[in-house]
Amino acid sequence: MSQAFSTSITRRSVVAGLTLTAASVTVLAGADNAQANQTTPEKSLYERLGGVFAIAAVVDHFSDAVIENPIVGQKSENPQLREWHTKNLGRLPGLKFMRTLWVCNVSGGPFQYTATKPGATPLGLEAAHRDLRISPVEFDEVAAELGRTLDFFKVPEPEKAEVLAAFAAHKGEVTAG
């Protein structure tokens with residue numbers, strides 16, 4: 001009998017506690033919403049792009065498009081780019097991962113990007129791209145491919161412009177080799 005009484009009190013206590021908690025959360029949510037309406041912070045580019053999964057989808061499409069691009073891909077006149085896009089495709093999954101991290105990082109996401117070569121210590125974008133001898137024209141074509149990919153995914157113009165500006169900001173580093 002005391003077992004049934006104890007269980008009944010426990011259930012009532014839990015229900016009462018949950019009811020009070022729900023009421024408190026409702027009051028606090030109302031207060032938070034009032035404050036949010038007064039000072040809604042702008043979402044980061046990372047959030048506006050849709051987060052890591054949306055960014056990874058764009059990077060996947062973009063990376064495949066670069067390989068097929070006649071100026072910077074497998075049929076490029078640049079022997080280093082041509083070789084990379086034909087003989088080093090085993091590294092493509094890792095490159096897609098690194099590109100995803102980079103976009104997430106520069107767009108304000110929670111991921112940290114550090115350029116590396118397999119088995120090497122961290123290095124900057126200049127050193128990571130030096131062996132490819134990317135010309136300014138080739139860099140611009142990769143940027144154009146990125147723009148086409150963003151259009152394919154219907155990324156709104158403000159976000160597209162921010163992504164392309166972040167990409168363009170590193171042109172000097174990438175073409176320095």
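Which residues does Glu-138 touch, not counting residues up to four places away in sequence? In this predicted model, the residues concerned are Val-72, Ser-76, Asn-78, Leu-81 and Arg-133. Glu-138 belongs to helix α7, and its relative accessibility of 11% places it under the 20% limit, so the residue counts as buried. One of the residues touched, Asn-78, stands 60 residues from Glu-138 along the chain, with a separation of 8.9 Å between the two C-alpha atoms.

The protein as a whole contains 9 helices and 0 strands, and its pattern along the sequence reads α-α-α-α-α-α-α-α-α. Of the 177 residues, 29% are buried. Among contacts with a separation of 6 or more, 60% are formed between residues 24 or more positions apart.

Helix α3, which spans residues 51–68, packs against helix α7, which spans residues 136–152. The two axes lie 9 Å apart and form an angle of about 135 degrees. This angle falls between the limits of 115 and 145 degrees, and α3 is therefore oblique to α7. The crossing of the two helices is right-handed. On the side of α3, the contact is made by Val-58, His-61, Phe-62, Ala-65 and Val-66. On the side of α7, Val-142, Glu-145, Leu-146, Thr-149, Leu-150 and Phe-152 take part. Sorted by class, the residues of this contact comprise 8 nonpolar, 2 polar and 1 charged.

Helix α3 also packs against helix α5, formed by residues 92–106. Here the axes come within 9 Å and cross at roughly 130 degrees, an arrangement that makes α3 oblique to α5. This crossing, too, is right-handed. From α3, the residues involved are Val-52, Ile-55, Ala-56, Val-59, Asp-60, Phe-62, Ser-63, Asp-64 and Ile-67. They meet Leu-92, Lys-96, Arg-99, Thr-100, Val-103 and Cys-104 of α5. The contact of α3 with α5 consists of 9 nonpolar, 2 polar and 4 charged residues. Phe-62 is listed in the contact of α3 with α7 and also in that of α3 with α5.

Ile-67, one of the α3 residues that meet α5, is also in contact with Leu-89. Leu-89 is located in the loop between α4 (79–87) and α5. With a relative accessibility of 31%, a value between the limits of 20% and 50%, Leu-89 is classed as partly exposed. Once neighbours within four places in sequence are left aside, the contacts of Leu-89 are Ile-67, Gln-74 and Trp-84. Leu-89 and Ile-67 are separated by 22 residues in sequence and by 9.2 Å in space, C-alpha to C-alpha.

The structure holds 3 aromatic pairs, one of which joins Phe-139 and Phe-167. A pair of aromatic rings is described by the distance of the centres and the angle of the planes. For Phe-139 and Phe-167, the ring centres are 4.7 Å apart and the planes make an angle of 25 degrees; because this angle is under 30 degrees, the pair is stacked. Phe-139 is part of helix α7, whereas Phe-167 is part of helix α8 (residues 157–168), so the pair ties together parts that are 28 residues apart in sequence. Phe-139 and Phe-167 are both buried.

Backbone geometry sets apart two residues in the loops on either side of α7. Most residues other than glycine have a negative phi. Arg-133, although not a glycine, has a positive phi of about 50 degrees. Arg-133 lies in the loop between α6 (125–129) and α7. Its relative accessibility of 52% is over the 50% limit, so Arg-133 counts as exposed. Arg-133 is also among the residues touched by Glu-138, which is itself buried. Lys-154 likewise is not a glycine and has a positive phi, in this case of about 55 degrees. The loop between α7 and α8 contains Lys-154. The relative accessible area of Lys-154 is 70%, and the residue is therefore exposed.

Definitions and conventions: Residues numbered from 1 in each chain as written. Predicted model: local features only at pLDDT ≥ 70, side-chain atom pairs only at ≥ 80, totals over all residues. Heavy atoms only, no water. Axes fitted to C-alpha atoms, helices over the stretch in contact; angles between N-to-C directions. Helix = DSSP H or I, 4+ residues; strand = E, 2+ residues; numbered from the N terminus. Parallel < 35°, antiparallel > 145°, perpendicular 65-115°, else oblique. Left-handed = near helix turned anticlockwise from the far one by under 90°. Contact = heavy atoms within 4.5 Å. Nonpolar A, V, L, I, M, F, W, Y, C, P; charged D, E, K, R; others polar. Phe/Tyr/Trp six-rings, centres within 6.5 Å; stacked < 30°, edge-to-face > 60°. Buried < 20%, exposed > 50% of the residue type's maximum accessible area, 1.4 Å probe, protein only.
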